[in-house]
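Subject: Structure handover

Hi there,

Here is the structure I promised to pass on to you.

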Amino acid sequence: MTTYDFTGRTAVVTGGSRGIGYATAALLAASGADVILTARDAARADDAARTITDSLPDSAGSVTGTAAHAADPAAARAVCDTAVDTTGRLDILVNNAGTNPAYGPVTDQDPALVAKVFEINTTAPAVWTAAALAAGLGTVGTGAVVNIASIGALTMEDGIGVYNASKAALVHLTRQMARELGPRVRVNSVCPGVVRTRLSEALWRDHEDTVTAVTPLARIGEPSDIADAVAFLAAPSTSWITGANLVVDGGQLVGTVGH
Ligand SMILES: NC(=O)c1ccc[n+]([C@@H]2O[C@H](COP(=O)([O-])OP(=O)(O)OC[C@H]3O[C@@H](n4cnc5c(N)ncnc54)[C@H](OP(=O)(O)O)[C@@H]3O)[C@@H](O)[C@H]2O)c1
């Protein structure tokens with residue numbers, strides 16, 4: 001068993017076929033939750049669900065993979081409805097799917113690409129939360145939404161300003177939703193630092209030592225580091241935490257000072 005006990009609870013994790021979403025789906029299921037993970041690609045979602053299931057004991061929760069684009073409100077509704085239809089409840093929504101295709105100065109961007117970044121990183125978490133509410137999130141016990149933002153939301157960086165602005169907006173949106181959805185649903189965010197995943201490869205592959213050098217805890221993050229923070233914020237034991245933002249970065253935000 002893990003530190004957490006989500007037995008009898010149901011969770012939806014967007015972008016769960018690899019990286020942080022995969023680790024989160026695996027930890028929630030290992031802790032007893034029935035999990036639906038999504039990805040754009042059905043085969044990748046299915047494979048991930050099967051791999052997680054094969055790695056877990058019989059006492060773990062179930063894991064199902066389904067294709068659902070984060071920007072598709074109908075898909076959001078279908079996934080959340082399915083969660084309630086198959087398990088009778090929906091307790092946890094992890095808005096994890098994210099994208100970062102717009103590089104360079106913010107004044108030198110294709111507006112359509114900027115709109116896409118905000119659609120996936122900022123609007124989609126609100127759309128999925130609305131779908132989860134409509135399906136019944138938090139009607140059996142308190143619901144928990146955890147949004148995956150980034151330490152880029154809290155600092156300035158060259159090259160990925162559009163992405164960082166979309167994540168800063170997500171942190172603000174988290175606080176706004178916490179205000180609007182209590183006491184039925186708690187809403188919190190996590191700001192990861194550089195984590196070893198495909199999305200962030202440009203930030204660590206070939207120069208992991210450089211990142212480690214400005215990280216007080218002397219390593220880059222692993223997806224499981226973020227999964228743990230998500231489970232913490234979704235757990236019944238944090239029932240008085242809402243509107244919070246948890247930085248999980250090995251100290252990278254403070255470590256960059258002076259460099
Ligand atoms: N890695 C880091 O250093 C880091 C740091 C700060 C924040 N984050 C945030 O953490 C979250 C997870 O990122 P990651 O690093 O784990 O990325 P990743 O390893 O690239 O995984 C992304 C996951 O999301 C799915 N996905 C991508 N676009 C999607 C869409 N439009 N609709 C539905 N699913 C989609 C992918 O599957 P398909 O390709 O099959 O759709 C995959 O399962 C993101 O919000 C990211 O911004 C990451």
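This is a predicted model: local features need pLDDT of at least 70, side-chain atom pairs count only at pLDDT 80 or more; totals for chains, interfaces and linings use all residues.

**The ligand and its shell**

The ligand has 30 residues around it, and Ser17, Arg40, Asn96, Tyr163 and Thr197 are the closest. By type, the shell consists of 13 nonpolar, 11 polar and six charged residues.

For tyrosine 163, a polar atom of the side chain sits 2.6 Å from a ligand oxygen atom. Leucine 199 takes part through its backbone, where a polar atom is 3.4 Å from an oxygen atom of the ligand. With serine 200 the ligand atom is a nitrogen, 3.2 Å from an N or O atom in the side chain of that residue. On its own, the ligand has 890 Å² of accessible area, and the protein covers 97% of this. Helix H1 (19-30) and helix H5 (161-181) are the elements that contribute two or more residues to the shell.

**The cavity**

How many cavities of 30 Å³ or more does the structure hold? There is one, and the volume of the largest cavity is about 40 Å³. Its lining is made up of Thr14, Ala70, Asn95, Asn96, Ala97, Ile120, Ala124, Pro125 and Trp128. The lining residues comprise six nonpolar and three polar ones, with no charged residue.

Asparagine 121 is part of helix H4. Is this residue buried or exposed? Asparagine 121 counts as buried because its relative accessibility is 1%. Its side chain makes a polar contact of 3.1 Å with the side chain of serine 166.

Alanine 102 is found in the loop between strand S4 (92-95) and H4. This alanine 102 also has a relative accessibility of 1%, so it counts as buried. Valine 194 lies 92 residues away from alanine 102 along the chain, and 18 Å separates their C-alpha atoms.

Best wishes

Definitions and conventions: Residues are numbered from 1 along each chain as its sequence is written. Side-chain values use heavy atoms; hydrogens and water are left out. On a 1 Å grid over the protein atoms alone, a cavity is a set of points where a 1.4 Å probe fits but cannot get out, and a pocket is an open set with protein on both sides within 12 Å along at least five of seven lines; lining residues have an atom within 4 Å of a point. Grid points are joined across faces, edges and corners, and a volume is the space filled by probe spheres set on the points. Ala, Val, Leu, Ile, Met, Phe, Trp, Tyr, Cys and Pro count as nonpolar, Asp, Glu, Lys and Arg as charged, and the others, Gly among them, as polar. A residue is near a molecule or strand if one of its heavy atoms lies within 4 Å of it. A polar contact is a pair of N or O atoms within 3.5 Å; within protein, one must be able to donate a hydrogen and the other to accept it, and residues adjacent in sequence count only if both atoms are side-chain atoms. Accessible areas come from the Shrake-Rupley method with a 1.4 Å probe; for residues, only the protein chains shown count as cover. Helices (H or I, at least four residues) and strands (E, at least two) are DSSP runs, numbered from the N terminus. Buried means under 20% relative accessible area, exposed over 50%, partly exposed in between (1.4 Å probe, protein chains only).
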